[in-house]
Amino acid sequence: MALTFHTYKFLELLNNNNENFGEVLSLGQINNLISKDDFKKLKIPEIKDKYSNKILLDNFNIKSVNSLDYSNFEGADLIHDLNLPIKDIKKQYDTIIDFGTSEHIFNIIQNLKNISILCKTGGIILHCLPANNNCGHGFWQFSPELFFQLYKNDNGYSDTEIYLINLHDKENWYKIKMQEKGSRLELNSKEPLYIFIKTKKISDNKFENINQSDYVHQWSMENNTSKVKKNKFSLLNKKIKNGIKNLLKNNFISKEIDSKIENTKIHNKNNFKVNKNLEKMKF
């Protein structure tokens, strides 16, 4: 759980959009991991405190900051194991900040339920979580698909925004748009990627009927008997292409080269930098 160059800029983006953070609950104490050079880039006074509460209170529209943790080893205000349901809610908060905790929680569904329960209706939930090339950092790496399907109006959320962050790039982010019906949003990279999520809780959460969108589309099409008929030229063209592919795959001279080319094409097709569902933005 940390305040870094990127998470600070995420809060700054929301703050500039007149987001009122109010009373904040963070999952774990938010460690201050902003470097000396990054303080200069952010144009804020350097603070060497271990935790980031003073930085947050000094620079954002935040009324108070409390923290929740498994134990009091870092002086958390609330002690609870997020693998387990929170049964006795003493207080709800305007903003829940999860800047790198959920990936370490085994019972991820219960954890997400707890986060929502702790958020006031009308409040916001913020996540910064590993998405790709962070294997071993925690239990989980997260897909945008999870949060597009969870944080939607039918489940009691609105105004959901998701951003993709390359940890090695301090100039560009990528705003993620929901993919077309029936397709998948697959993102490959050589770099470590994180996703930022912001959503607003508009009613009591409903963790029901949350399924991967391309399967939902397929299921909805099962009873649709009308099929698009392709013309003869398209069918012939497809047949020729498949024939060439099979010839290359089955030829002992070309099959290894063909395999490498195909694997490279698949990787490059899903590279986050060229994905049509990502909108590059400077910050």
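**Entry 1: ground rules.** I am working with a predicted model, in which local features need pLDDT of at least 70 and side-chain atom pairs count only at pLDDT 80 or more, while totals for chains, interfaces and linings use all residues. Residues are numbered from 1 along each chain as its sequence is written, and side-chain values use heavy atoms, with hydrogens and water left out.

**Entry 2: the whole chain.** I looked up the secondary structure and found 8 helices and 11 strands in the protein chain, where helices (H or I, at least four residues) and strands (E, at least two) are DSSP runs numbered from the N terminus. Of the 283 residues, 43% count as buried, a term that means under 20% relative accessible area, with exposed being over 50% and partly exposed in between (1.4 Å probe, protein chains only). I also noted that, among contacts (heavy atoms within 4.5 Å) between residues at least 6 apart in sequence, 76% join residues at least 24 apart.

**Entry 3: strand β10.** I turned to strand β10, residues 193–201, and found that 8 of its 9 residues are buried, so the strand is largely enclosed by the rest of the structure. Two strands pair if DSSP finds at least two bridges between them, and I looked up two such partners of β10. Strand β7 (residues 119–132) runs antiparallel to β10 and is joined to it by 8 bridges, with P130 standing opposite Y194. Strand β8 (residues 157–166) also pairs with β10 in the antiparallel sense, over 8 bridges, and here E161 has K198 as its bridge partner.

**Entry 4: salt bridges.** I counted 11 salt bridges in the structure, each being a side-chain nitrogen of Lys or Arg within 4 Å of a carboxyl oxygen of Asp or Glu. In one of them, E12 pairs with K9, and the closest N and O atoms are 2.7 Å apart; both residues lie in helix α1 (residues 5–16), 3 residues apart, about one turn of the helix. K9 counts as buried at 17% relative accessibility, whereas E12, at 22%, counts as partly exposed.

In helix α3 (residues 53–59) I found K54 and D58, 4 residues apart, whose side chains meet in a salt bridge of 3.0 Å, N to O.

I then looked up E23 and K120, whose closest N and O atoms are 3.7 Å apart in their salt bridge. E23 lies in strand β2 (residues 22–27) and K120 in strand β7, so the pair ties together parts that are 97 residues apart in sequence.
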